Each structure stands twice: as structure tokens, then as C-alpha cells.
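Hi everyone, thanks for making time for this. Let me put the sequence and structure up on the screen, and then we can walk through one contact together.

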Amino acid sequence: MSGALDWVLVAVAGGLGAASRFLVDTLVARHNRLSTPLGTIVVNVSACLLLGLVTGWGSSHPGGDGLAAVLGTGFLGGYSTFSTASVEAARLLLAGRGLAAVLHPAGMLVAGLLAALAGIALAS
Amino acid sequence: MGALNPATRRRPSLVALAGLVALGGAVGATVRALLEHVLAPVPGSWPWTTFAINVVGSFALGALLETLVRSGPDSGWRRGVRLGCGTGVLGGFTTYSTFVVEAERLLTGGHAPLGVAYALVSVVVGIGAACAGIALAAARARRRRAGVRPEGAGA
């Protein structure tokens with residue numbers, strides 16, 4: 001991250017990532033028959049797999065820092081979201097759905113970690 | 001933003017809404033990238049920058065969404081603010097992928113206890129912050145409603 005162009009690319013990639021999240025979440029919500037939201041889980045776990053791939057690729061390509069920043073910090077940072085995951089769990093908790101309020105974030109965390117590990121292993 | 005004006009009585013297209021999310025997301029992601037650049041995390045230690053971004057973003061999103069829900073139906077300008085500021089700015093500001101890969105780097109890089117603590121504390125404090133934001137917005141909405149009544153009427 002040195003030149004002004006890098007920051008512009010991060011901004012554009014972040015915007016594209018956020019729009020992709022909105023579209024994937026809308027698509028998942030349309031097909032989800034459960035009372036528990038699944039869109040953010042699909043988005044965040046796929047983002048972890050992809051960031052694992054970018055991280056694994058970056059560690060074996062030292063010159064690729066700029067591209068890794070645009071894809072990792074920009075696109076995937078904008079695509080994945082922590083705040084929506086927190087609010088979804090908070091709403092489950094406040095609605096008295098204690099079990100779902102634990103399983104939703106725990107499942108997302110475990111699946112995200114496994115996806116990141118798989119991505120790093122695949123790209124290394 | 002004619003597509004978001006309820007007076008046109010036309011439902012905004014998915015592409016227009018995605019464009020609104022993209023504008024907000026570009027702002028949120030750039031602010032996060034600047035913070036991560038200036039306050040770059042030190043490998044092998046607690047990633048304070050991402051942690052603070054995610055906790056602050058969770059609190060703000062909880063407060064924003066609860067304020068919007070309590071002010072009226074999710075259409076028109078409310079939907080615009082929810083998608084542009086909530087899904088866009090705050091969704092793009094916070095990050096799950098960076099958080100998980102940071103935890104993974106600690107877990108597999110010889111700092112397993114720190115990695116486990118970072119992962120669990122981030123999720124728990126994030127949910128707590130979202131609950132606090134929701135509670136604050138709910139209390140403010142209640143106070144505002146109570147303020148409409150004449151002084152001394154009711155508790």
C-alpha cells in the first residue's frame with residue numbers, strides 16, 4: 001500500500017465486495033426455509049476460504065503484496081462482515097433463542113477457521 | 001436517488017440497491033484499510049486494530065438497525081440508510097475474513113492460547129457490543145416517546 005492508485009483500488013474492491021455480499025445474502029435469504037439467518041454464514045465462510053487462498057498465495061509470492069491487499073483487505077474485507085454476524089447473534093439472544101444464539105456464531109467461527117485452513121493449504 | 005424516493009411508487013431495482021451498498025462499502029473498507037495501515041497489527045500479538053474495528057462496528061450496527069426498526073417500516077429512506085450505512089459502510093468497515101485469518105495465524109504460528117482467546121473474545125465482545133447498541137437505541141426511542149407526553153404524566 002504505497003501509491004494513491006492502491007487506495008483507489010482498495011475502495012473500489014471494497015465496494016464490489018460489499019455489493020457481492022448483499023446479492024449473495026439476498027439469494028440465500030430467498031431460498032432459506034429456516035427461521036435462522038444463513039446468508040452471513042455463507043458469505044463469511046466463503047470469504048475465509050478465499051482469504052486463505054490469497055494468504056497462501058501471498059506467502060509464496062513476495063512481490064504480490066499490492067494485489068493481496070486489494071483482494072484481501074479490499075474485496076474480501078468488504079465482502080465479509082463481522083458487524084452483521086454480531087447483530088444476528090444478538091437478535092437471537094434477545095429473542096430468547098439461547099441455543100441458536102450460541103450455535104450460530106460458534107458454527108460460523110469453526111467453519112470459517114476450517115475454510116481458512118483449507119484455503120491456505122490449497123494455495124501453499 | 002430517484003429510485004429510493006417513495007413518491008415515484010416504483011420499487012428500486014436490485015442493481016440500484018447493490019449500487020448503494022457498494023458506495024457505502026467503498027467508504028467503510030477504505031477507512032478500515034487506512035486504520036490497518038496506520039495501526040498495523042504486530043505478528044504474534046493481539047490484533048487490536050481489527051478487534052477495535054469489529055467491536056465498534058458491531059455496536060454501531062446494533063444501534064443503527066434498532067433505531068431504524070423503531071422509527072417505522074423498512075422502505076423508502078429507511079431502507080436506503082439501512083443498506084447504504086448499515087450493509088454498506090458498517091458491513092464493509094468490519095471484517096470477518098481478516099479476523100479469522102489473524103486467529104489462524106496465531107493458532108498455527110506458535111501462539112495457540114492467544115489465537116483461541118482472540119477468536120472467542122472477539123465473537124463474545126462483538127455480540128455484547130451489538131446487544132449494547134440495540135439496548136441504547138431502544139432506551140433512546142422510549143425516552144423520545146415519553147418526552148412527547150406532558151411533563152409529570154405517567155412514570
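So, at what angle do the axes of helix 5 of chain A and helix 4 of chain B cross? They cross at roughly 70° and come within 9 Å, with axes being lines fitted to C-alpha atoms, for helices over the stretch in contact, and angles running from 0 to 180 degrees between N-to-C directions. Helix 5 of chain A and helix 4 of chain B are therefore roughly perpendicular, the word for 65 to 115 degrees.

A word on the source: this is a predicted model, where local features need pLDDT of at least 70, side-chain atom pairs count only at pLDDT 80 or more, and totals for chains, interfaces and linings use all residues. Residues are numbered from 1 along each chain as its sequence is written, while chains are lettered from A and ligands numbered from 1 in the order in which they are written.

Back to our pair. Helix 5 of chain A covers residues 98-123, and helix 4 of chain B covers residues 97-108; helices are DSSP runs of H or I, at least four residues, numbered from the N terminus. From chain A, Gly112(A), Leu113(A), Ala116(A) and Leu117(A) meet Val100(B), Val101(B), Ala103(B) and Glu104(B), contact being C-beta atoms, placed from the backbone, within 7 Å.

Among the buried residues of helix 5 of chain A are Gly112(A), Leu113(A) and Ala116(A) (buried: 20 or more other C-beta atoms within 10 Å of the residue's own, placed from the backbone).

Zooming out, 44 residues of chain B are in contact with 44 residues of chain A. Helix 1 of chain B gives the largest share of chain B's side, 15 residues.

Key:
Helix = DSSP H or I, 4+ residues; strand = E, 2+ residues; numbered from the N terminus. Expected span 1.5 Å × (residues − 1). Buried ≥ 20, exposed ≤ 12 C-beta atoms within 10 Å, placed from the backbone. Parallel < 35°, antiparallel > 145°, perpendicular 65-115°, else oblique. Contact = placed C-beta atoms within 7 Å.
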